[in-house]
Amino acid sequence: MLASADAEVRDRFLNELHEEGALGALPFLFEFWALPHQLPPDGDWRAWVIMGGRGAGKTRAGSEWVRAQVEGALPTDPGRARRVALVGETYDQVRDVMIQGDSGILACSPPDRRPVWKAGERKLIWPNGAEAQAFSAHDPEALRGPQFDAAWVDELAKWKAGQETWDMLQFALRLGDHPQACVTTTPRNVGVLKALLDSPSTVVTHAPTEANRANLADSFLDEVRARYAGTRLARQELDGVLLADADGALWQSQMLERLRCGKLPELDRIVVAVDPSVRGGKGGDACGIVVAGACMQGPPQDWRAFVLADCTVENASPVDWAHAAVRAYEAWNADRVIAEVNQGGQMVEEVLRQVDATLPFRAVHAAKGKGLRAEPVAALYEQGRVRHAGVFHDLEDQMVQMTVRGFDGSGSPDRVDALVWALHELIVAPAKAWRQPRVRRL
């Protein structure tokens with residue numbers, strides 16, 4: 001492929017082209033211009049998911065893939081596919097984005113191969129007789145009856161009837177030797193997309209918005225990055241990252257987005273919670289360090305907690321994480337450091353006191369599993385009684401993987417463990433003590 005050749009070969013090729021010949025065709029040779037994530041992977045796949053941020057070039061990739069399926073060597077020669085389904089959230093979006101848009105099929109097609117759009121039939125018809133029919137995800141039943149050998153699906157993760165429409169499309173993809181679907185979407189945490197990505201017959205290419213920087217206004221990138229930097233929305237809409245929640249997760253991404261705060265109130269108590277890493281250094285578990293505070297005026301049901309910082313350190317020796325914990329204690333003017341000592345035992349307190357001999361410290365012991373220990377803390381979030389004073393990507397990614405059964409993510413949930421200990425110390429344990437009846441002495 002010419003795009004893979006060195007600069008000298010490419011320059012010689014371009015200089016030898018003539019305006020009336022191949023040079024006129026060059027804009028339509030997509031393999032020459034395409035970004036890596038816009039080219040279909042090799043292999044015997046059934047669905048190719050192009051998952052990327054806004055403006056990453058997904059629509060152009062989908063249009064060019066359809067062209068590659070229906071066009072033959074000459075304008076009237078048959079291509080691999082004769083019947084194509086174009087499925088978007090609505091008919092208008094199929095027409096305005098996938099067909100007539102700036103990166104749609106009509107704009108990408110050379111004049112001698114450009115299809116004709118028949119609005120009344122909702123069909124594109126190519127000079128070689130190939131057809132593409134438009135469908136709306138709001139009407140999955142319309143996919144009963146027709147049959148296809150290829151399909152382009154746009155923004156699957158936005159569809160309200162996503163699973164039903166996708167299922168109907170699978171039954172319709174039954175023509176030819178190997179019917180395939182190209183799916184272009186910004187990721188969202190929905191079941192239909194997660195199931196598709198988990199399928200062994202699915203391949204994925206991925207790119208952030210910046211991958212297509214050459215075709216985007218600099219002011220757009222500067223503005224959205226400045227406005228949404230550090231948010232989970234940016235990771236989803238600009239970085240194209242699927243922020244997935246585990247089935248039965250104690251926390252959900254949407255819940256965490258709602259529970260952010262701006263200005264902090266005056267806090268009555270602040271603690272630094274530590275989930276120590278006994279096997280420190282490179283390759284060891286991270287040491288979870290989370291700072292949280294609480295307003296504790298009135299009865300326990302009025303108490304509110306705020307997650308202030310995630311100071312977790314990775315690949316750290318015990319001395320390193322002890323210094324990090326003390327730095328967090330001093331930076332936030334905390335009242336106490338608490339740490340789980342199930343594994344480290346006396347060593348945990350000793351290493352902390354090597355850094356600060358006067359450190360207010362309390363050891364805590366885990367008597368229950370991680371999931372059961374986290375459940376009452378998750379209940380506080382459901383009640384809206386815990387808020388995050390910022391966006392803590394790594395911590396929140398672990399939170400949405402924690403279930404009552406345990407942690408569904410990879411590795412150890414060090415950050416969540418520290419969070420749970422902090423909120424137990426601030427809210428759960430004091431509230432339980434408040435509710436216990438006092439024994440009168442005679």
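At 53% relative accessibility, R144 counts as exposed; the term exposed applies over 50% relative accessible area, buried applies under 20%, and partly exposed lies in between, with a 1.4 Å probe and protein chains only. The side chain of R144 meets that of E141 in a salt bridge, with 2.6 Å from N to O. A salt bridge here is a side-chain nitrogen of Lys or Arg within 4 Å of a carboxyl oxygen of Asp or Glu. E141 is partly exposed, with a relative accessible area of 40%.

The model is a predicted one, in which local features need pLDDT of at least 70 and side-chain atom pairs count only at pLDDT 80 or more, while totals for chains, interfaces and linings use all residues. Residues are numbered from 1 along each chain as its sequence is written, and side-chain values use heavy atoms, with hydrogens and water left out.

Leaving aside neighbours within four places in sequence, M168 is in contact with P140, L143 and R144, where contact means heavy atoms within 4.5 Å. M168 is found in helix α7; helices (H or I, at least four residues) and strands (E, at least two) are DSSP runs, numbered from the N terminus. Is M168 buried or exposed? M168 is buried, with a relative accessible area of 11%. The C-alpha atoms of M168 and A142 are separated by 8.7 Å, and these two residues are 26 residues apart along the chain.

Let us return to the salt bridges. How many salt bridges does a search of the whole structure find? The search finds 22 salt bridges. One of them joins the side chains of K158 and E89, at 3.3 Å from N to O. K158 lies in the loop between β6 (150-154) and α7 (162-172), and E89 in the loop between β2 (83-88) and α5 (91-99), so the pair ties together parts that are 69 residues apart in sequence. K158 is partly exposed at 33% relative accessible area, whereas E89, at 14%, counts as buried.

R260 forms a salt bridge with E396, and the closest N and O atoms are 2.8 Å apart. R260 lies in the loop between α11 (253-258) and β9 (269-275), while E396 belongs to helix α15 (residues 393-399), so this pair ties together parts that are 136 residues apart in sequence. E396 counts as buried, at 0% relative accessibility. Elsewhere, salt bridges that share partners join R60, E64, R67, E71, D112 and R113 into one network.

The next topic is the nonpolar cores. In soluble globular proteins, nonpolar side chains tend to be buried together. A nonpolar core is a set of buried Ala, Val, Leu, Ile, Met, Phe, Trp, Tyr and Cys residues joined through side-chain atoms within 4.5 Å. The largest nonpolar core has 38 residues, of which W251, V307, Y381, M399, L419 and L423 touch the most other members. At least two residues of this core come from each of α11, β9, β10 (288-295), β11 (304-310), α14 (370-382), α15 and α16 (414-435). Which helix gives the most to this core? Helix α16 does, with 11 residues. L419 touches W251, V290, V307, Y381, L395 and M399, not counting residues up to four places away in sequence. Apart from this core lies another, of 29 residues, among them V313, L352, L359 and F361.

I turn now to the sheet. An open sheet of 8 strands has the order β3-β4-β5-β2-β6-β7-β1-β8, with mixed pairing; two strands pair if DSSP finds at least two bridges between them. β3 (116-118) and β8 (202-207) stand at the edges with a single partner strand each, so one side of each is left without a neighbour in the sheet. From one strand to the next, the twist averages 15°. Strands β4 (residues 123-125) and β5 (residues 131-136) run antiparallel and are joined by 3 bridges, and I125 stands opposite E131 in β5.

Helix α4 (residues 58-70) lies across β1 (47-52), β2, β6 and β7 (180-185), and runs at about 165° to β7. Axes are lines fitted to C-alpha atoms, for helices over the stretch in contact, and angles run from 0 to 180 degrees between N-to-C directions. Helix α8 (residues 191-198) lies across β1, β7 and β8, at about 120° to β1.

Finally, some totals for the chain. Its secondary structure comes to 16 helices and 16 strands, and buried residues make up 47% of the 442 residues.
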